[in-house]
Amino acid sequence: MHQIIILGAGPAGLTAAIYAARANLKPLCIEGIQAGGQLMLTTDVENYPGFPEGVLGPEMMQMFRKQAERFGTTFITDNVTKVDLQANPKKVWVGDKEYTAAAIIIATGANAKLLGLESESRLMGHGVSTCATCDGFFFRDKEIAVVGGGDSAMEEAVFLTRFASKVYLIHRRQGFRASKIMLERAKKNEKIDFLLDTVVEEVLGQDEVTGIRIKNVTSDASRELQLSGLFIAIGHTPNVELFKGQLQFDDQGYIKTALRDDRLTQTNVEGIFACGDVQDHVYRQAVTAAGTGCAAAIDAERYLEALASKTS
Ligand code: NAP
């Protein structure tokens, strides 16, 4: 039996692993087949403190992992298939193999929804982005587009006008999910051009984005737009499938935490902690994920100490 099992190996899971390993808790990290999280889809990361020259996303995750390994984290590179969070000890399965632990840290992250185009995946990190805060800076004086009609799309479009010379806001219908105030703010911005009833058919460019082909869904007419960046802002999906029916979620489907004042990452089940994007749909940054990963390890450590003093 392990003291702590960590599920997921993005910035949150790996930071939890570093802290738990340094507390001598010998964590087991089940990192999943797509280990590293969303940073594996990023090229340059320029906003993570400590890297004045920037760092490549996958390279940074490799460094996090090495640091976690150095202090005694064990890794399993496979996907968890089932969990029993109510059991004592907690149970986690990878196929037929069962693992048990006194505490579990969930750091399974979230995925940005994508349009599903081959060219979109191929150019991800090379002009296609799912994070304006992370990548806006690279598009100074360039023309770019944002896809989506919700608050995220409005917020990102307005934010991106700080850098870009022009921002096309592409939305597939006339109506918006965005709140009135955010929509008005975007509409008032002279740098933003709304293209409604419009979908992106193709992202153009070999090694980097040079434009997009869009189609007006009412007239069926297609045309090309020359631009340097495409931001996909059509929502995120937290990776919570495994935990449905076992934990409480907020109204957007993210794991509810901070259910005790003194433990920021405590879920509604004792001994189960959640950190990073699986419980945060507001900040979604590597550095905030790492921060809550640290908090989860400290919360779990205190929980284990309290458990030990109860049973001794
Ligand atoms: P959202 O509200 O679900 O909006 C997603 C948008 O993307 C919708 O307009 C949707 O179009 C479009 N979309 C979805 N799939 C698409 C596809 N395959 N192709 C083209 N368009 C597609 O998501 P969100 O904007 O990320 O917001 C999520 C939540 O966070 C909301 O509750 C929002 O209020 C909140 N939020 C708040 C703030 C803030 O207050 N500062 C900022 C960001 C987000 P349809 O409308 O046609 O379905």
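The link between Cys 131 and Cys 134 is right-handed, with 75 degrees about the S-S bond. The two sulfur atoms lie 2.1 Å apart and form a disulfide, a term applied to a pair of cysteine sulfur atoms within 2.5 Å. The structure, a predicted model, holds one disulfide. Local features in this predicted model need pLDDT of at least 70, side-chain atom pairs count only at pLDDT 80 or more, and totals for chains, interfaces and linings use all residues. Residues are numbered from 1 along each chain as its sequence is written, and side-chain values use heavy atoms, with hydrogens and water left out.

Cys 131 has 15% relative accessibility and therefore counts as buried, whereas Cys 134, at 24%, counts as partly exposed. Here buried means under 20% relative accessible area, exposed means over 50%, and partly exposed lies in between, for a 1.4 Å probe and protein chains only. Cys 29 is in no disulfide, and the nearest cysteine sulfur, that of Cys 275, is 10 Å away. Cys 29 counts as buried because its relative accessibility is 0%. For Cys 275, the closest cysteine sulfur is in Cys 294 at 9.9 Å, which is too far for a bond. Cys 275 is also assigned to the buried class, at 0% relative accessibility.

The ligand is surrounded by 15 residues, and the closest are Asp 151, Ser 152, Glu 155, Arg 173 and Arg 177. By residue class, the shell divides into three nonpolar, seven polar and five charged residues. In this scheme Ala, Val, Leu, Ile, Met, Phe, Trp, Tyr, Cys and Pro count as nonpolar, Asp, Glu, Lys and Arg as charged, and the others, Gly among them, as polar.

For Glu 155, the side-chain N or O atom is 2.9 Å from a ligand nitrogen atom. For Arg 172, the corresponding distance, to a ligand oxygen atom, is 2.9 Å. An N or O atom in the side chain of Arg 173 is 2.7 Å from an oxygen atom of the ligand. The ligand on its own has 910 Å² of accessible area, of which the protein covers 70%; accessible areas come from the Shrake-Rupley method with a 1.4 Å probe.

Terms used. A residue is near a molecule or strand if one of its heavy atoms lies within 4 Å of it. A polar contact is a pair of N or O atoms within 3.5 Å; within protein, one must be able to donate a hydrogen and the other to accept it, and residues adjacent in sequence count only if both atoms are side-chain atoms.
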